[in-house]
Amino acid sequence: MKEAHQPSPKLARSVQRAFSRSVSATYELVNHVLTFGNDALWRRKAARIGATSGGERWADLCTGTGETASYLGRLASSRTAVCAVDFSLPMMAEALKKPEARHIHFIVSDVRALVFPNETLDLITISFATRNINLSREVLVQTFAEFHRVLKPGGRFVNLETSQPSFGPLRRLYHLYIRLVVKRVGGLISGSYSAYRYLAHTIPRFYPPGELSDIMSRAGFENVTYKRLWFGIAAIHHGTKALDPVSQARPGR
């Protein structure tokens, strides 16, 4: 199995600084332009998948400008607390401008070492950020295991990310679009060519859906499934944390 490309830690840090400094104000606009508005539809779909099973505490990790967290907030019941977690203060400042922000708890944290105690969350979502924490396959397994740690038994993990079409000609056409358009359009709108050069480099090299499913399983998640979006250029993965034997034995569970 061929190892997907991972950015070096130094490159990843430089990209994080670029996104924090200059990309936050135009981040959503660039995403909408590059995906012809479909990224918003995909985020809504991921939020709906996550919200289906309810729960009292949800967290959107690497929330960025808070789009997915906002969609979760609209779906949450009055007893459900929605948390938005990110390390980037400029991104979070953009998220705080949204009307839904007044009902969301914002937390500054590195997702590799979350501030939540063990087994406190019913749902974790992450959208278009897994590539950025993919420093290596093992690091990604460890990071997903950290997500697993803070989920309650029966809790769900929903991952929305770019993916790889299975049909060869379509995959090559998609990669050509990424190579010719992403850096130029993203850099032109945001002013940060380095950030979108990074995206144009990592998107074609990210894991196909079967491999990402395997990584989630290695991190401890069960019943991992995925749904391809737009012929496979993106995918929503869903996994659950196993119920403990005591919970399974309780009446009504």
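Which residues are buried in α3? Asn38, Asp39, Ala40, Trp42, Arg43, Ala46, Ala47, Gly50 and Ala51 are, where buried means under 20% relative accessible area, exposed means over 50%, and partly exposed is in between (1.4 Å probe, protein chains only).

## What you're looking at

This is a predicted model, so local features need pLDDT of at least 70 and side-chain atom pairs count only at pLDDT 80 or more, while totals for chains, interfaces and linings use all residues. Residues are numbered from 1 along each chain as its sequence is written, and side-chain values use heavy atoms, with hydrogens and water left out.

Helices (H or I, at least four residues) and strands (E, at least two) are DSSP runs, numbered from the N terminus.

## Helix α3

Back to α3, which covers residues 38-51. The expected span of a helix is 1.5 Å times one less than its number of residues. For the 14 residues of α3 that gives 20 Å, and its end C-alpha atoms are 20 Å apart, which agrees.

## Two phenylalanines with positive phi

Phe36 isn't a glycine, yet its phi is positive, about 55°. You'll find Phe36 in the loop between α2 (27-34) and α3, and it is exposed, with a relative accessible area of 60%.

Phe128 also has a positive phi without being a glycine, near 55°. Its loop runs between β4 (121-127) and α6 (137-150). Phe128 is buried, at 12% relative accessibility.

## Around Glu161

Leaving aside neighbours within four places in sequence, Glu161 is in contact (heavy atoms within 4.5 Å) with Phe128, Ala129, Thr130, Arg131, Phe206, Ala234 and Ala235.

A polar atom of the Glu161 side chain lies 3.3 Å from the backbone nitrogen of Ala129. The side chain of Glu161 also makes a polar contact with the side chain of Thr162, at 3.2 Å. A polar contact is a pair of N or O atoms within 3.5 Å; within protein, one must be able to donate a hydrogen and the other to accept it, and residues adjacent in sequence count only if both atoms are side-chain atoms.

## The nonpolar cores

A nonpolar core is a set of buried Ala, Val, Leu, Ile, Met, Phe, Trp, Tyr and Cys residues joined through side-chain atoms within 4.5 Å. The largest one here has 35 residues, and Trp42, Trp58, Leu160, Val182 and Tyr196 have the most contacts inside it. Elements giving this core two or more residues include α3, β5 and α7 (168-190). Another core, of 29 residues, lies apart from it, with Leu61, Ala129, Phe206 and Ile215 among them.
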